[in-house]
Amino acid sequence: MAGRSLRSPGIQHALRHRVASPQSPVLRRRTFGSSSSSSTSFRTAGYTILFALSAGLFTAYYLDARSAIHRYVFTPVLRYAFDAETGHKLAVKVLRSGLAPRDLIKDDESLRSQVFGQDITNPVGLAAGFDKDGEAIDGLFNLGFSWVEIGSVTPKPQAGNPKPRVFHLVADSALINRYGFPSQGATAVIPHLRARIPAFHDADADTTAALRPGSVLAINLGKNKTSAVESSEDFVTGVKTFGPYADVLVVNVSSPNTPGLRGLQNRELLEGLLVDVAKARDELEPSPVTSRRPRLVLKIAPDLQESQIIEMAEVIRNSAIDGVIVSNTTITRPSSLNDREQNSFVIRTVVDCICQPAANKSETGGLSGRPLMPYSLQALKTLRVHLPSAIPLIGCGGISSGADALEYARAGASLVQVYTGFGYDGVGTCRRIKDELISLLKAEGKTWSGVVDEAVQTLSWKEPEPQPLNPPEVGEVTVGRLIEEAEELKVLVDRLVERTD
């Protein structure tokens, strides 16, 4: 009975109408749930794609050293949020991590040059003092530098001078430091150098210690504060220790922050030092990394008198030194310094700067940055005139633009190095200098090597030509002249005898 009633047309019509009715709460819930789930999935997918694209774009932007965020955000934050030395150490750690930005552009052909027989892709290098223990070598090369100089490295570990020992002079784009060669010592730096060498490494004529074409790795050798002032032993030890791992070894006798060190620039001590380090270098076996012995470069101070530079040039000409870096920091304080103390992250107004008493410029130590350039440039010009073209000069001091670099080139510098400008302008400094150089050179229709070669050939010291012997004064009789006159007389006598016969 029940079965027949369910099969009746009226009941089945009612059941079909109930199932199909849009008013059914069960179907409404199912339809709404399905629609909501689909909408949520699309929204989640959209957010994921948007996040991935944003992250990718930001990563690409961050990894490009030219990005404005590095110059105008990260670098100022680092400078104002931390004291100078802490900011310096954080920057080294980031570069060591492999997560730092990079110079992604191939160097223009107009920047190519050659130094010590090696082709280099551009003339912009990083001076010693930034990566003191060789922790971030590859991170620095990735920023576009052709020459990275680590150190100063001392044979034994030493803490350096008491803190604080680094001071910004922001208004002057300058820095004063009295670090005093803080160093982990040679035994701590060697593993950093060895870790870079591939397991299967074959050296050839073009291989450099930088382990990348067109680049050079230099190691700056320092002296322990406890060592005898007049001794060359620390430098000899440095040559023997680091010779196999460097293209260039820099003998640093010019830091103002190690007592007595600059005294090694005096003639007698310098002559002995250069003989000792050259002997140590020549006794090295060819490097397993480069198949060559390293070049030796002397780093001098900018505070020398002209007569001292001329005397030093004579010593260098008579030594086996391959090149000179001009210069280290200066102990001079030009009257133009106008730095004011800045302790907060907030950028101060002109009134703040005027009312705030001068602070950091009175600190003891070596001054670097923009105010150093006139002193370094003048020292380089003087030295260029008194050294032969075979001894290249590397300009260092106050360089922060392509125009600065070109000024050094016209004075006879084969390469330039930056330091303080890099600290102020950030990771894009090298690329900006190179880009400006390219524009300036193309405007003049020249290349870097062309400018340098012209200056070096014109300005460099040349071996004096041998002077002829002075003729004898009137009335002065010489043995040679007597012999000549005797021979002439003999000829005349012979002719007279012939005629009489």
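**View 1. Helix 5 and the lining of the largest pocket.** Helix 5 (84-97) contributes seven residues to the lining of the largest pocket, the most of any element. In this predicted model, local features need pLDDT of at least 70 and side-chain atom pairs count only at pLDDT 80 or more, while totals for chains, interfaces and linings use all residues. Residues are numbered from 1 along each chain as its sequence is written, and side-chain values use heavy atoms, with hydrogens and water left out. The largest pocket holds about 700 Å³ of space. Its lining comprises 29 residues, and T75, L78, G87, A91 and G423 are the closest to the pocket centre. At least two lining residues each come from helix 4 (68-81), helix 5, strand 5 (166-169) and helix 14 (420-425). By class, 19 are nonpolar, eight polar and two charged. Here Ala, Val, Leu, Ile, Met, Phe, Trp, Tyr, Cys and Pro count as nonpolar, Asp, Glu, Lys and Arg as charged, and the others, Gly among them, as polar. Helices (H or I, at least four residues) and strands (E, at least two) are DSSP runs, numbered from the N terminus. On a 1 Å grid over the protein atoms alone, a pocket is an open set of points with protein on both sides within 12 Å along at least five of seven lines; a cavity is a set where a 1.4 Å probe fits but cannot get out; lining residues have an atom within 4 Å of a point. Points are joined across faces, edges and corners, and a volume is the space filled by probe spheres set on them.

**View 2. The second largest pocket.** This pocket has about 540 Å³ of space. Of its 37 lining residues, A128, T329, S368, Y419 and T420 lie nearest the centre. Two or more residues each come from strand 4 (147-153), strand 11 (366-369), strand 13 and helix 14. Helix 14 has the largest share, four residues. The lining divides into twelve nonpolar, 21 polar and four charged residues.

View 3. Three strands in the order 5-6-11 form an open sheet with antiparallel pairing. Strand 5 and strand 11 are the edge strands, each pairing on one side only. Two strands pair if DSSP finds at least two bridges between them. Strand 6 (residues 174-177) is joined to strand 11 by four bridges, and L175 has S368 of strand 11 as its bridge partner.

View 4. Strand 12 (residues 393-396) and strand 13 (residues 413-418) run parallel and share four bridges; I394 is partnered by L415 of strand 13.

View 5. H386 is in the loop between helix 12 and strand 12. A polar atom of the H386 side chain lies 2.9 Å from the backbone oxygen of T382. Beyond neighbours within four places in sequence, H386 is in contact (heavy atoms within 4.5 Å) with I310, A313, R317 and W461.

**View 6. The largest cavity.** The whole structure has one cavity of 30 Å³ or more. About 50 Å³ of space lies in the largest cavity, lined by L193, R196, I197, A209, L211, L217, Y245 and V289.

Technical notes: Polar contact = N/O pair within 3.5 Å; in protein donor to acceptor, adjacent residues only side chain to side chain.
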